[in-house]
Every structure is written in C-alpha cells, then in structure tokens.
Amino acid sequence: MTYTPVKLTFEQYLEYEDGTDNRYELYNGELAEVPPESELNAWIVECLQEKLVQFIKRRLVRVNLYELQVPFNPQNRFPDLVVLRKEHIELTKKRRTITLSMVPPQLVVEVVSPYKSQRDHNYQRDYIDKVHQYEQRGIPEYWIIDPQVKLVTVLVLVNGKYQVTEFSSEQQIISRTFPELELTAKQILEAR
C-alpha cells in the first residue's frame with residue numbers, strides 16, 4: 001500500500017493526483033496500487049468486447065477503463081469489462097468513476113488471475129470479495145471468467161441476491177442482459 005499521511009475519504013481519493021498513470025484502490029483510507037492486467041486476461045476481455053458490441057453500442061462496452069465505487073473495502077474496483085448504461089456517458093465526463101449515487105452498470109466481467117488455491121488472494125478477490133461487493137452494489141449481472149479451471153460463472157441478481165450458474169466447454173452462456181448472445185464458455189476462454 002502507498003503510505004498517505006492522513007486517511008483519505010472517497011471524495012478526497014477522487015481528487016487525488018500523483019502525476020502518474022497508476023490506478024489505486026482505496027482501502028481503509030490508504031491507496032493500494034492496482035497491478036496491470038496480464039496479456040491473456042486483457043485478450044479475453046477484448047475478444048468478449050467484440051462479441052458484445054454486436055448487441056449494444058460500442059461506447060457502452062468498456063475494457064479496463066472504468067472505476068466502480070463499491071461498499072466495503074476496498075471502496076473501488078476496476079472491472080476488466082463493464083457494460084455501461086447510456087446515462088453513465090454524461091455522468092462520467094469528468095472522471096470515469098461510477099459512484100454509489102449513480103445507477104449500477106448493466107454487466108461487470110472479471111477475469112481471474114492465476115492462483116494456487118482457493119485461499120489465494122486472486123481467487124478470494126474475484127470469487128468472494130467482488131461477489132459480495134457487486135451484489136450489495138446492485139449490479140444485475142456479474143461474470144467471472146476463470147481460465148485456470150476453464151469455467152465461466154454467471155451471477156444474476158434476483159431479489160437482491162446472486163443466483164449462480166456455471167458454464168464450461170461447449171455450454172452456451174445464458175445471459176439475462178444479452179439473451180441473444182450465442183457464445184460458449186470455450187469460445188470465451190479460448191478468446192476466439
């Protein structure tokens with residue numbers, strides 16, 4: 001974590017500028033630098049973006065660019081892919097941060113970085129922490145793409161709780177947000 005002489009509020013964090021292109025998560029008022037994405041993770045979401053823009057305006061499907069304020073610590077996340085709502089374009093003109101006061105995005109996608117076990121930080125972050133945060137944030141659909149176990153998990157918000165469906169191999173992804181999407185788990189995981 002980056003040492004800050006005083007604990008930052010989220011509003012102070014939004015004004016913070018250190019003259020670098022670093023991205024930070026705010027954790028208990030302290031800044032934690034977010035590492036860059038791996039080539040494979042970036043490629044998977046870029047390929048998925050190409051598939052999604054067949055059904056929604058390209059400007060609404062963003063890869064590694066938008067920040068999302070969430071409840072609990074850390075107080076913000078940088079999803080690998082986010083499908084915005086039209087109103088986000090106007091609301092985020094100054095800064096690409098979707099705050100708690102804004103309607104949540106339509107879809108958030110995370111590609112899990114390599115992990116050794118389910119106790120590993122990378123696994124815990126995407127399968128436990130973000131699930132809880134995104135559920136509390138009211139994000140209607142959250143996908144977890146896990147290249148390591150070759151699994152795509154789709155979580156759909158129903159009555160405030162996520163319902164989980166796992167897809168592997170040649171199983172076609174079922175998306176409430178994009179019901180017309182014809183894409184298998186294998187196609188997503190192989191990024192083709």
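In which sense, parallel or antiparallel, do strand β8 (residues 107–111) and β9 pair? They pair in the parallel sense over 4 bridges, where pairing requires that DSSP finds at least two bridges between two strands. The model is predicted: local features need pLDDT of at least 70, side-chain atom pairs count only at pLDDT 80 or more, and totals for chains, interfaces and linings use all residues. Residues are numbered from 1 along each chain as its sequence is written, and side-chain values use heavy atoms, with hydrogens and water left out.

- Strands are DSSP runs of E with at least two residues, and helices are runs of H or I with at least four, numbered from the N terminus.
- β8, helix α4 (residues 121–137) and β9 make a right-handed β-α-β unit; with the strands pointing away from the viewer, the path from the first strand over the helix to the second runs clockwise.
- β9 also pairs with strand β10 (residues 151–158), in the antiparallel sense over 6 bridges, and Ile-145 has Val-152 as its bridge partner in β10.
- The β9–β10 hairpin has 4 residues between its strands, and Lys-150 in the turn has a positive phi of about 55°.

**Burial of β9**

- Strand β9 (residues 141–146) is largely enclosed by the rest of the structure, because 6 of its 6 residues are buried (under 20% relative accessible area, 1.4 Å probe, protein chains only).
- Glu-141, Trp-143 and Ile-145 are buried on one side, and Tyr-142, Ile-144 and Asp-146 on the other.

Definitions and conventions
Buried means under 20% relative accessible area, exposed over 50%, partly exposed in between (1.4 Å probe, protein chains only).
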